Amino acid sequence: GEHFRKVSYNGGAQDLVVKVCDMTTGSANVTPDTARVLIYLDGGAAADNGPSCEAAEREPSASPVAATPQPTPGPTTQAPITKVPTKGPTTSPVVAKPQPTPEPSTQAPTTKVPTNAPTEAPTEKPTNSPSTSPPTTSAPTKTPTVPPTPPPTSPPSLKPTPIPSEECLHGSFILEIEDACTADSVLEAYSDQVYNAAGAISSSCSSSAESDLNLKLAAAGISDASALCDQVYLTQDKVPFTSAANRGTDMNFEKMFFNGRTDWQEEVETIYETEDYSASSNLKEDAEQVRAFYDGVAQGRRVEWPGTLPNFQSSFQDADGLATCTTNAAMCCWPKDRQANDNNGNCAKAYDENCVDKDPADNTDLCFVDLERGNASTGVDSTGPIVYSGDNNDGEGSIHCHGLAWSNDINDKTARYKANNLFFVSMYDHMYQRGYVKNVPGAPMCGCVEQMPTVSRSDCTQVDLTETITITYDAENTIFNSKLTAVHVDFNACRGINNRNNDLWAYIAKLYYQKDITREQFGEAGRIITNTNCFEATNHELNKHSLTPGYDHDVDEWTRVAGRESMYLVDPYGHRAFTRSLVPSTNDPDNKHYGIIYRACQSCIPTHKKIFYRRKTPVPDGLNLQYQVLYYSSSSRVTGNFWDVDFSLHSTYEDALNNVNPWKCPGNSFDYRYTFYGRCSPDGTGVNNQHSRFHVAGERNDVAYFVNKPEDDGLQIEPTNIIKGREYASGMALKDPTDGTIYMTGAGRDIAWYRDDFNYLSEEVDGDHTAVVHVGSISSPQPHGWSKSGILFRSSLETNAAYYGLYLTGSNGVCFQGRLQVGAYYSHFGCVQVGIKEAWIKVEKQLDMFYSFIGAQETEGGPITWTQIHSRTIAVIGEGSYQVGLGISSGRSFAQEVLFTGYEVDATL
């Protein structure tokens, strides 16, 4: 029977046929002992025009060339042909090195002699190489080639000679990879282009492509497929960075360039350098080499990293031992635009009038420059920070930052082409294309991120590649050779985490989450590119130098009544204490005022750092002026606080005292949505973003308010305890030294449940005591019916302490409550006189019994008649020392103010 498979061959119109002949008639299956193999070229159009098995059987000695029968090996079999790679030169077919085929007019069919198998044919030379080509014999006629007749003394030998290798596939090959070269991509290419090609291996082969490739690598002395990639990248040609500018090979020009000091950055186009007033210092002409380098080398070859420059080196080295950036990131920041008509920045023609000190497109907030950080590049031995408190025209002016980042894997595309990316960002895209030049004072123009100024954000570019890598295997000499044969580099906006594109911080974060950089590298970069704003980073830097934002006011002239962040002292005064602190002018009848409020704002623009509010009319009893100053934001104006009627704004205290040079407002209209300053300014220009509502984060920080009264003459601060069982508790207490009135504020969730949240003015006592006070004048921007202001006896200052309390509530009258055990749920005992707005209250402790009273006073200053309204035993309070005092919980995040008068804790009974 005939068993054969015909395989298309790229060498021409002929087919190479391998025919297996069963030499035993009637056998159900071909076996090694009953088979003969015929190999010939079939050049006809029919399915099979070659010799038949019957002819081989009838004339066993007809051929002068014998072929010892090939055994059926175990799991591996000699491959008849390997696939020509789908990519690469088609003129070098990758096969098991057959001898050249003679011209068809004289070529006779031949029998293939298996490699490594001995034969009696006199034309074959012994060989041990699996890639050695079998011999061929020509015949004058198309007679099938069959094995020779064995010697008469022994029967024909059909016993095969085993193949010494375990490889399934023998022969040379070529692979092409159009992607990053990795062990996985090499294996995938070998599997697709060679091993799994049609007819490449016998169906009886059980070895995998990976095992087969590893055997070849081991035979070549190569540890694994990744070593082939290392060879590609290690031997990759690199173009010196100096070729980009072509201004010498000593890197002096590049050093000056990255510090913002070359003629490309210093000069601006002008007509005054030539006799005929023709333009000179044209950037596009002067830097033409940059465009040529971009069009050629930058997109097609690898550029060498300028690691010899201090801007781009640190103590950190990559896996090749080359100096690089600690953060694996570099950044440029430009403060100037020198080129018109490129849709970037505000430089315009005519250059000599409209392109002098012009700005790039602003894309960041410059927080500060650490002078010591930039010393390595600038060559200046300086220390300390230069802080920019505002943004854009409110601070440093327009600044544009753009950067790049790369992997710790030196074979990763981001690491190999980081110099291409640096060239694109610094020289081509931003200088040549946009005209962005110069450096931020105290820092290099471009450098490792760890040398650059601290900024809120930066744009970002990444490289995307199309690479072709060719790997050849010479089976005869057992040699692999791998080489990069083609490159195309694209420069695109970085793709960072959470779909944040063109953002350097987000791209560095992506590299961290992909494990391309370390946590320490990400952390250091994140301290320089804040990803938020400048507030925390700037304060941290100032603290390092023992510096704190703030304002050192004159205590003999001013009393601080409110402050936030670095200017925080205590919680803001309540509105009655706020108004009480204002000192009207009474000694100048022609220029009378009713108090001056001074705002100091460390983070504001220069014109708004100091604002003086001059009160032109008395503060009405029903006006919460403190709320208007600290919190109010609405388009509606409030009666009693109209601009230019009830108050005016001034730049200096002297102007406010003398009522001169008042501020003006856009359209002569004060915008009450902008708390305190109304978008007004000294010259009437509308100014945004200078307000600071004290309950809102993200507006102006480091702000304080002062009133015109010496601190020693005004209300005196009484320390309180913030019992913070929830999230709202805050407040303060002020005591008027003239009459003992306590102006106390308190915010808090409640004095209830399992944990209390309130402000507590208390003292530690023991024994039995009586506390008495008048509660009134409750004021809150957000009144709550269950706000509580009154007397508390507590076992401790813990949030879950046992207590007995008697309060005036917002709208539920005088109520008495307690917690009978530490950590227990509170108990509500009842309320009286629902709806009253002020009351005299008293609590007496006698042993473990508490008695509560409400008082009536017919005339102010007259005697008080007390009525007992409740009693309760709470044994745990008084077992040793305990706390007694005044407490306030507003039920809101806003504090309410309460006036306590006649407060007294008596002597032990």
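**View 1. Tyrosine 277 sits in a loop between two helices, H6 and helix H7 (283–286).** Helices here (H or I, at least four residues) and strands (E, at least two) are DSSP runs, numbered from the N terminus. Phi of tyrosine 277 is near 60°, a positive value in a residue other than glycine. Tyrosine 277 counts as exposed, at 53% relative accessibility; exposed means over 50% relative accessible area, buried under 20%, and partly exposed in between (1.4 Å probe, protein chains only). As you look, keep in mind that this is a predicted model, in which local features need pLDDT of at least 70, side-chain atom pairs count only at pLDDT 80 or more, and totals for chains, interfaces and linings use all residues. Residues are numbered from 1 along each chain as its sequence is written, and side-chain values use heavy atoms, with hydrogens and water left out.

**View 2. Asparagine 659 has a positive phi too, of about 55°, although it is not a glycine.** Look for asparagine 659 in the loop between helix H18 (653–658) and strand E21 (703–707). Its relative accessibility of 35% makes asparagine 659 partly exposed.

**View 3. Threonine 262 lies in the loop between helix H5 (252–258) and helix H6 (263–266).** Is threonine 262 buried or exposed? With a relative accessible area of 5%, threonine 262 is buried. Its side chain makes a polar contact of 2.3 Å with the side chain of glutamine 265. A polar contact is a pair of N or O atoms within 3.5 Å; within protein, one must be able to donate a hydrogen and the other to accept it, and residues adjacent in sequence count only if both atoms are side-chain atoms.

**View 4. A cis peptide bond leads from lysine 349 to alanine 350.** Omega of this bond is near -5°. Alanine 350 belongs to the loop between strand E8 (336–337) and helix H9 (351–354).

**View 5. Eight strands form an open sheet with antiparallel pairing.** Their order is E22-E24-E25-E37-E28-E33-E34-E35, where two strands pair if DSSP finds at least two bridges between them. Why do strand E22 (716–718) and strand E35 (864–873) stand at the edges? Each has a single partner strand, so one side of each is left without a neighbour in the sheet. Now find strand E28 (residues 770–779) and strand E33 (residues 839–846), which run antiparallel and are joined by 6 bridges. In one of these pairings, alanine 771 has valine 843 in E33 as its bridge partner.
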